[in-house]
Amino acid sequence: MQYEDRVDALVAPKGALEMLSQDEITRISEDSSELHELFRRCSLAILNCGSDSDYPQAVIEEFHYFQISIGQP
């Protein structure tokens with residue numbers, strides 16, 4: 001499925017996130033894990049800053065297609 005507003009970006013951690021263990025990286029990388037879903041929702045909330053909507057469920061429904069992948073260098 002294509003989206004007109006699609007953006008591909010690479011974001012590298014600074015500070016404490018540079019210190020994640022291999023196990024933590026694995027857990028946050030698994031698409032089906034609760035930790036990955038929490039990270040996805042937090043990322044979406046950050047990207048939604050400045051929006052007029054402050055209702056989390058509405059944001060999640062509007063951007064249900066939002067995906068985020070965790071990779072290792």
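Which side chains meet in a salt bridge at 3.4 Å, N to O?

## Salt bridges

The pair is Asp-23 and Arg-27. A salt bridge here is a side-chain nitrogen of Lys or Arg within 4 Å of a carboxyl oxygen of Asp or Glu. The structure holds 3 of them. Asp-23 and Arg-27 lie 4 residues apart in helix H1, so about one helical turn separates them.

## Basis of the model

This is a predicted model, in which local features need pLDDT of at least 70 and side-chain atom pairs count only at pLDDT 80 or more, while totals for chains, interfaces and linings use all residues. Residues are numbered from 1 along each chain as its sequence is written, and side-chain values use heavy atoms, leaving out hydrogens and water.

## Helices H1 and H2

Helices are DSSP runs (H or I, at least four residues), numbered from the N terminus. The axes of H1 (residues 22-29) and H2 (residues 34-47) cross at roughly 75° and come within 6 Å. H1 is therefore roughly perpendicular to H2 (65 to 115 degrees). Axes are lines fitted to C-alpha atoms over the stretch in contact, with angles from 0 to 180 degrees between N-to-C directions.

In H1, Arg-27, Ile-28 and Ser-29 meet Leu-35, His-36 and Phe-39 of H2 (heavy atoms within 4.5 Å). By class, this contact has 3 nonpolar, 2 polar and 1 charged residues.

H2 and helix H3 (56-62) each supply at least two residues of the lining of the second largest pocket. The residues of that lining divide into 6 nonpolar, 3 polar and 2 charged.

How values were computed. Parallel < 35°, antiparallel > 145°, perpendicular 65-115°, else oblique. Nonpolar A, V, L, I, M, F, W, Y, C, P; charged D, E, K, R; others polar.
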